[in-house]
Amino acid sequence: MRSFDKHTAKYWSELVEIGLEDIPARETWRELEKMVITYFPGRGTVFEEAYLDGKAEGEAAGKAKGKAQGVLRVLEVRGLLLSDDMRERITSCTDLDRLDDWLDRAGTVGLVEELFGEAPGSSGGGVE
C-alpha cells in the first residue's frame with residue numbers, strides 16, 4: 001500500500017473491507033485501519049498522513065469552536081442580543097482570522113450587526 005498515492009491506498013483499503021463481508025476478519029481489518037500507529041514514523045505512510053491530517057483538522061476545529069464561544073460569551077456578558085442566525089454565523093465560522101477579528105471587536109461594538117460590518121437596518125438581518 002505504501003507504493004500507492006493516498007487516495008488509491010484508501011480505495012484499496014475500503015475495497016478489502018467490503019470484500020471481507022461479515023466474517024470476523026472484517027472487524028480485525030477495521031481495527032487495523034483505525035490504528036494510526038506506524039512502525040516507520042516520518043516515512044509518510046498513508047496511515048501516518050491520515051493521522052496527521054486528522055489531528056491538524058481536529059486542532060483547527062477545536063480552536064475555532066473555542067474562539068466562537070469566546071465571541072458569544074463577550075457579547076452575552078455585554079448584554080447584546082443575538083438572533084439565532086447571528087449565533088449560527090458565529091458558531092459555524094471556521095476562519096480563525098475572522099474569529100480573532102470578531103473576538104477583538106466583540107468588546108467594543110454597540111450592536112452585534114457591527115461585528116459583521118453590517119449597518120443597522122441592512123438586509124443582513126436584525127436582532128431579535
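Glu 21 is exposed, with a relative accessible area of 56%. Exposed means over 50% relative accessible area, buried under 20%, and partly exposed in between, with a 1.4 Å probe and protein chains only.

This is a predicted model, in which local features need pLDDT of at least 70 and side-chain atom pairs count only at pLDDT 80 or more, while totals for chains, interfaces and linings use all residues. Residues are numbered from 1 along each chain as its sequence is written, and side-chain values use heavy atoms, with hydrogens and water left out.

**Helix α1**

Step back to residues 6-19. This helix has 14 residues and spans 20 Å from first C-alpha to last, close to the 20 Å expected at 1.5 Å a residue; the expected span is 1.5 Å times one less than the number of residues. Select Ala 9, Ser 13 and Glu 17, which are buried. Viewed down the axis of α1, the buried residues fall within an arc of 75 degrees, so they line one face of the helix. The arc is taken from the directions from the helix axis to the C-beta atoms. Now select His 7, Tyr 11, Ile 18 and Gly 19: these are exposed and sit on the face of α1 turned away from its buried side.

**Whole chain**

Zoom out. The chain has six helices and zero strands. Of its 128 residues, 21% are buried. Accessible surface comes to about 9000 Å², and carbon and sulfur atoms hold 55% of it; areas come from the Shrake-Rupley method with a 1.4 Å probe, and for residues only the protein chains shown count as cover.

**Nonpolar core**

Select Leu 75, Ile 90, Trp 102 and Leu 115, the residues with the most contacts inside the largest nonpolar core, which has 17 residues. Such a core is a set of buried Ala, Val, Leu, Ile, Met, Phe, Trp, Tyr and Cys residues joined through side-chain atoms within 4.5 Å. At least two residues each come from α3 (46-77), α4 (84-91), α5 (96-106) and α6 (112-115). The most come from α3, which gives five.

Centre on Leu 75. Leaving aside neighbours within four places in sequence, its contacts (heavy atoms within 4.5 Å) include Ile 90, Ala 106 and Val 109.

Move to Val 112 in helix α6. Val 112 is buried, with a relative accessible area of 2%. Not counting residues up to four places away in sequence, Val 112 touches Leu 75, Leu 80, Leu 81, Leu 82 and Met 86.

**Aromatic pair**

Finish with the one aromatic pair in the structure. The ring centres of Trp 102 and Phe 116 are 5.1 Å apart and the planes stand at 85 degrees, so the pair is edge-to-face. Rings of Phe, Tyr and Trp (its six-membered ring) pair if their centres lie within 6.5 Å; planes under 30 degrees apart count as stacked, over 60 as edge-to-face and the rest as tilted. Trp 102 lies in α5 and Phe 116 in the segment after α6, so the pair ties together parts 14 residues apart in sequence. Trp 102 is buried at 5% relative accessible area, and Phe 116 is buried at 13%.

Methods
Helices (H or I, at least four residues) and strands (E, at least two) are DSSP runs, numbered from the N terminus.
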